[in-house]
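Trainee: Please take me through the aromatic rings of this model, one part at a time. I would like a close look at how they are placed.

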Amino acid sequence: MPSFAYPQTYHMKTPAEFERCYARKRSASDGLLVVYAGENGLPHPRLGCSVSKKVGNAVVRNRYKRLFREAFRLSQHDLPTGVDLILIPRPGPYPDLAALRDSLLKLAARAARKLGPRSTPLPPDGGGGEAGPAEAPQT
């Protein structure tokens, strides 16, 4: 039976990790969620939650984050691997867990498809932007 643990390695923590995912500009949305996706170079998905103050006070925002983490924990084996997912709630009433799980699975797959195949996965530190040494012009 697969483990449904949610270890720290499955969390996106640093602002740089969030920025790298947002900069990739690959997202999918429906009436409940907006999901941003980016490669992480790991053998498992990671979750990041972004719940704005527009959604409500701290109690409401924390409730959304708990729902997101639980939906991710229960669905982690069905999500695409090697992908960072940032979940953003849409305004409206609290979704129930079953609807949130269905939405997460559908949107994560759609956002991951938009990433397309990569020849080399990005390392977790966000590399991939380094340029090699410039060649001298031939005379």
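Mentor: Y64 and F68 are both buried. Buried means under 20% relative accessible area, exposed means over 50%, and partly exposed lies in between (1.4 Å probe, protein chains only). The model is predicted: local features need pLDDT of at least 70, side-chain atom pairs count only at pLDDT 80 or more, and totals for chains, interfaces and linings use all residues. Residues are numbered from 1 along each chain as its sequence is written, and side-chain values use heavy atoms, with hydrogens and water left out.

Y64 and F68 share helix α2 (residues 58-75). They sit 4 residues apart, about one turn of the helix. Helices (H or I, at least four residues) and strands (E, at least two) are DSSP runs, numbered from the N terminus.

Now the rings. A search of the whole structure finds 3 aromatic pairs. Y64 and F68 form a tilted one, 6.1 Å centre to centre with 50° between the planes. Rings of Phe, Tyr and Trp (its six-membered ring) pair if their centres lie within 6.5 Å; planes under 30 degrees apart count as stacked, over 60 as edge-to-face and the rest as tilted.

Y64 also pairs with Y94, again tilted: 5.4 Å between centres, 50° between planes. Y64 lies in helix α2 and Y94 in the loop between β4 (83-89) and α3 (97-115), so this pair ties together parts 30 residues apart in sequence. Y64, at 3% relative accessibility, counts as buried. Y94, at 39%, counts as partly exposed. Together, Y64, F68 and Y94 form one aromatic cluster.

Finally, a charge. The charged end of R63 sits over the ring of Y94, 5.1 Å from its centre. That label requires NZ of Lys or CZ of Arg within 6 Å of the ring centre and within 35 degrees of the ring normal.
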